[in-house]
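These are my notebook entries on one model, kept in the order in which I looked things up.

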Amino acid sequence: MNIEQLKYYTELCRVKNFTEAGFACNLSQSALSKQIRKLEKELNVTLIRRNTRKFELSKEGEIFLEYAEKMLDLYEKMLEDIRFKKEIRIGSMTVLSPYHFARVMSAFMEEYPDIDLILDEQTADQILAHLEEFDFAILRSLLITDTSKYNLITLYDDYLCAVVYDTHPLAGRKSIRLEELKDEVFVFPQKGSGGYEAFYNSCIKAGFTPNILYEFPQANTIMSFVEEKIGITINFTKVCQESAGNGVRMIPLEDAPHFPISLIYPKNVILTDSQKLFLRFIRKWKKERE
């Protein structure tokens, strides 16, 4: 006995016609009849009386129908619970703190306590190398080169600014062009972080190759080296606002490049109920912020 046979039997009892039930179950009339006879043989009882003109269940058939319906209900409830309670794994780049994404996660977990959100912080290149292992990823949009394979929902937008120490000749400027920094020594984020690629490519587009003295994974370390006059940096404005110390100056860049952060997930996949709820929550949160 299996779940499919229970489905065949309950459908047959519902429509009371072998031909119609077979059509609904994607079986021929004879194939459906064979499945019912297998049930009867296994149970060693007659479920359907076949010597009458109308469809009629035996007493045993009526009892079996009650149990079959209960078993199918329990089976569907089991599937629902398994799918609903499946954890959601999110691979994220390591600079989410300035954007306060923890507030979004906290609000979601409060509303849906049965869904476990697993946030795995790694460098951008590590996330990209294992993208298929996550339900969702949070990355700079520029890192997704093949948008035909992935859906992107913009979570945050940010743009570049220059960061110099407070005695730097440019410290008093209200704005500068990126090309004015071509002769400077830079302290950059670590290669593969996403930030490195954004900053480096922006310098190339501005007409120069940056002279990078140091690379560090943490923004606070980069700011501390700028504060000690070891070099300057460019960074995302929101990151600078959160991590800049007293000894540095943040200067807006004219025509600053924008680098949005997106929630990324593959196209043409069947989402679980919990994943659908998460996407619905994110879209609602985003709409409220606009």
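Which strands does H5 lie across, and at about what angle does H5 run to S4? I found H5 lying across S4, S5 and S6, with a direction at about 160° to S4; I take axes as lines fitted to C-alpha atoms, for helices over the stretch in contact, with angles from 0 to 180 degrees between N-to-C directions. Helices (H or I, at least four residues) and strands (E, at least two) are DSSP runs numbered from the N terminus.

Before going on, I note that this is a predicted model, in which local features need pLDDT of at least 70 and side-chain atom pairs count only at pLDDT 80 or more, while totals for chains, interfaces and linings use all residues. Residues are numbered from 1 along each chain as its sequence is written, and side-chain values use heavy atoms, with hydrogens and water left out.

Entry on the sheet. I read an open sheet of 5 strands in the order S4-S3-S5-S12-S6, with mixed pairing, where two strands pair if DSSP finds at least two bridges between them. S4 and S6 (150–156) stand at the edges with a single partner strand each, so one side of each is left without a neighbour in the sheet. Neighbouring strands are turned by 25° against each other on average, direction ignored. H10 packs on this sheet and touches S3, S4, S5, S6 and S12 (261–266), its direction making about 40° with that of S6; contact here means heavy atoms within 4.5 Å.

Entry on S3. I looked up its partners: S3 runs parallel to S4 (residues 117–121), joined by 5 bridges, and pairs in the parallel sense with S5 (residues 136–140) over 3 bridges. Ile90 stands opposite Leu119 in S4 and opposite Phe136 in S5.

Entry on helix packing. Val104, Ala107, Phe108 and Glu111 in H5 meet Leu277, Phe278, Phe281, Ile282 and Trp285 in H10.
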